[in-house]
Amino acid sequence: MLRILGTFRVVPDLDLLSEEDWAVHEKNLVDTSFVKTIWNCFDESALEFMLRLSENSESLGIPVQLDAMTVGNSICENYLRTLYALGFEKAVRIQAEEELQFQPELIAALITEYWECFGGQDVIVMGQRSADGTNGKVPLLVAEKLRWPCVTQVMGISMEDEAHLRVSSKMDDCVCTQTVKIPCVLVVGDAPAAFLRVPTLKDRMTKGKRAIETHSLDEFEVWKQWNTSDSSVCLVHMEAVAEKRDGILIQGDSVQEKVKLLYKAYLRERLEQL
């Protein structure tokens, strides 16, 4: 049986945060406790790819077990139950009340230690970065710690055989499709049409009520070492990114004249390059 672990993060929907709500408090963080939470978009795509891979493996007669884990507070449990309803076999939460989005080294170490002590899956599928931290370091650090090959910008996963996966990934000027030997870490990027499906009410009632495997941070050696060392990241400043754009007003006596100026000055060179 092929066992696949998908990691995900629950993040606040920052699009709902107004400019007036963007206020940095004494810990250099913005209060998002009142904002609705959502799946991190890259993790959502990764979890959907896992479901598609499981369906693809059925035609080849290769059984696949899907597991999911997250590091977070009790809000994450509803998301884990959704994955149960979608057919995931195991749902795991590492209990963390404090915010850890700016400590990717710690998150990667927790994922790795979980795999070594409790998991043992053959493949780990992750999103390339979270919407709030956006450092993009966690998947690469996990692959480095496990000494597994890592494929980034993944856009599709299918089963080749019991020991290999067929993986499509985005390159600078093309899409590369390659056969990857298991074990490996697959990092899902900006994949088109990869929204996580919605379970039926029946599946939520029958499958979504199973117990969630929960671990405290104190169970992990890396957390004990982290608390007694000086390696913790210290956030010193935070500010909103200015998204203003410069604009040029095209002058002309008529619409036709303005269109000609627009074409000659801005569009012609770009169109010739296509």
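Asn40 is buried in this predicted model. Its relative accessible area is 1%, and buried means under 20%. Asn40 is found in the loop between strand E3 and helix H1. What does Asn40 touch, leaving aside its neighbours within four places in sequence? Asn40 is in contact with Arg9, Val11, Arg129, Ser130 and Ala131.

Asn40 also leads us to a pocket. The second largest pocket has a volume of about 290 Å³. Its lining counts 19 residues, and Asn40 is among the closest to the centre, along with Trp39, Cys41, Phe42 and Glu44. Which elements give two or more residues to this lining? They are strand E2 (10–12), strand E3 (37–39) and helix H1 (41–60). H1 gives the most, with four residues. Sorted by class, the lining of this pocket has twelve nonpolar, four charged and three polar residues. How can empty space in a protein be found at all? Rolling a probe the size of a water molecule over the atoms shows where such space is left.

Now look at the aromatic rings. The count comes to five aromatic pairs. One of them joins Trp39 and Tyr79, whose ring centres are 4.9 Å apart. Their planes stand at 85°, so this pair is edge-to-face; the cut-off for that class is over 60 degrees. Trp39 lies in strand E3 and Tyr79 in helix H2, so the pair ties together parts that are 40 residues apart in sequence. Both Trp39 and Tyr79 are buried. Ring pairs also bring in Phe8, which forms a cluster with Trp39 and Tyr79.

A second pair is made by Phe118 and Phe220. Their ring centres are 6.1 Å apart and their planes are at 70°, so this pair is edge-to-face too. Phe118 sits in helix H3 (residues 104–119), and Phe220 sits in the loop between strand E11 (213–216) and helix H6 (221–227). The pair therefore ties together parts that are 102 residues apart in sequence. Phe220 counts as buried, at 0%.

Return to Tyr79 and its helix. H2 covers residues 76–86, and nine of its eleven residues are buried, so the helix is largely enclosed by the rest of the structure. Among the buried residues are Cys76, Glu77, Leu80 and Thr82, as well as Tyr79. Just after H2 comes Gly87, with a positive phi of about 115°.

Terms used
Residues numbered from 1 in each chain as written. Predicted model: local features only at pLDDT ≥ 70, side-chain atom pairs only at ≥ 80, totals over all residues. Heavy atoms only, no water. Buried < 20%, exposed > 50% of the residue type's maximum accessible area, 1.4 Å probe, protein only. 1 Å grid on protein atoms, 1.4 Å probe; cavity = no way out; pocket = protein on both sides within 12 Å on 5 of 7 lines; lining within 4 Å. Points joined across faces, edges and corners; volume = space filled by probe spheres on them. Nonpolar A, V, L, I, M, F, W, Y, C, P; charged D, E, K, R; others polar. Contact = heavy atoms within 4.5 Å. Phe/Tyr/Trp six-rings, centres within 6.5 Å; stacked < 30°, edge-to-face > 60°.
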